[in-house]
Amino acid sequence: MKGERKTLSRLILKPGREKSLKRRHPWVFSGAVSKFTGTPEAGDTVEVHSADGEFLAVAACNPQSQIVARVWDWKRREIDADFLRGRIERALALRAHLLPTSDAVRIAHAESDGMPGVVIDRYGEIVVLQLSSAGAMRWRDAIVDAIEAVVRPKTIFERSDSDVLALEGIAPSVGLLRGAPPPGQVLVNEAGAMFEVDVPHGHKTGFYLDQRDNRLRLRELAAKREVLDCFAYTGGFTVNALAGGAAAVTALDSSGPALELLKRNVALNKLPEAACIEGDVFQLLRKLRDQARSFDLIVLDPPKFAPTAAHAEKAARAYKDINLLAFKLLKAGGLLFTFSCSGGVPRDLFQKIVAGAALDAGVEAQIVEQLSAGADHPVALNFPEGEYLKGLICRVAAALP
Ligand code: SAH
């Protein structure tokens, strides 16, 4: 409550463990904690202090999580409804001059916008809130009030059901928070391409907003090419390839409902049909290879194989496998749009994996462009984990002699 300033519990670090906080990295891992004063519960605000007693930050704590505290601010200040409203206003202001040509935009990007665990996506008049930390959950009502006051949408819908919730020991929560229920068909316009977004059931908050710029780049490069869209989901890349004048598009995904929505999205844009194949991309790429198929442009946008660095090795094998097969399926001069959205695989490692795949496939390839998420997914400089989406456009030259 405003006015009655509580004495906060303190999280005291082990000696020497203050370094990353001093560089303003916003996470405290459980191994860095010496002790707590008091008995803070998940979601409570605590003060983080060094072993020498130096104040470092105010943070949301979660004693059940590996990430025991996430920093709200580096100054000693009250964390309350006004603070959260200020953060949301700031996130909106930061985007005002870079608003993309779409009515589907990320308004708040968690740690990188100073709001750990808070993602706010906007689909026209509908705002979708995705909370994924105990601190964010604690302030849910205040966050919803602030969205209502600042953004003024028709609907605020909650999709707090990401897989990281289990790591935080938090139960998922999905449903209408404010306003009118979302209409059966939520339509967005992304640079002239229309998409139906499944807000209650779709992946993430319904759509992969982070790939917007990369889909547009594909549209620019797809003319007259035969395109293979792997992990196509609801057709983000497929629709843009067709809109860019691709000769033909084949879309692969293991989800039947996603491919159904892909077909509806293609039809919505009055584009020629894509050939859809439901199945496992790892197997389908082998099948296409055995059938001696070839393509001018291949998109590989797989799900997160390595949520954390602990999964990096297994993920590396999976990335190498699909990239190797894709290089084999590409015609000379063909383009590969290859992505990793794994937080546990940094950009330099991803590039090495792709290089190894090209080598083993016996092709010579160049990186012609580096890709990342759009400007509505900023990366705080002190938080490299925020750069989870990495992409390369590679161009295949002739086969090695
Ligand atoms: N490119 C899409 C997003 C892809 S999300 C866009 O821009 O909108 C990843 C997709 O991969 C999901 O649709 C999921 O159903 C699919 N998927 C996951 N594992 C798969 C596998 N082994 N084979 C085929 N599809 C898979």
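This is a predicted model: local features need pLDDT of at least 70, side-chain atom pairs count only at pLDDT 80 or more; totals for chains, interfaces and linings use all residues.
A polar contact is a pair of N or O atoms within 3.5 Å. For D280, a polar side-chain atom lies 2.7 Å from a nitrogen atom of the ligand. R215 also takes part, with a polar side-chain atom 3.2 Å from an oxygen atom of the ligand. On its own the ligand has 580 Å² of accessible area, and the protein covers 89% of this. The ligand is surrounded by 15 residues, of which D253, S254, D280, V281 and D301 are the closest.

The largest nonpolar core consists of 39 residues, and Y123 and F337 have the most contacts inside it. Two or more residues are given to this core by each of several elements, including the strands β9 (126-131), β15 (248-253) and β18 (330-340) and the helices α7 (236-243) and α8 (256-268). The largest share, four residues, comes from α7. Because domain 2 (81-186) and domain 3 (208-399) both give residues to this core, the core lies between them.

The contacts of F337 were examined with its neighbours within four places in sequence left aside. F337 is then in contact with N214, R217, L218 and L221, with the run L297, I298, V299 and L300, and with L371, L392 and I393. A second, separate core has 34 residues, among them I298, A306, A315 and C394.

How values were computed. Residues are numbered from 1 along each chain as its sequence is written. Side-chain values use heavy atoms; hydrogens and water are left out. A nonpolar core is a set of buried Ala, Val, Leu, Ile, Met, Phe, Trp, Tyr and Cys residues joined through side-chain atoms within 4.5 Å. Buried means under 20% relative accessible area, exposed over 50%, partly exposed in between (1.4 Å probe, protein chains only). Domain bounds come from an automatic or database domain assignment. Contact means heavy atoms within 4.5 Å. A residue is near a molecule or strand if one of its heavy atoms lies within 4 Å of it. A polar contact is a pair of N or O atoms within 3.5 Å; within protein, one must be able to donate a hydrogen and the other to accept it, and residues adjacent in sequence count only if both atoms are side-chain atoms. Accessible areas come from the Shrake-Rupley method with a 1.4 Å probe; for residues, only the protein chains shown count as cover.
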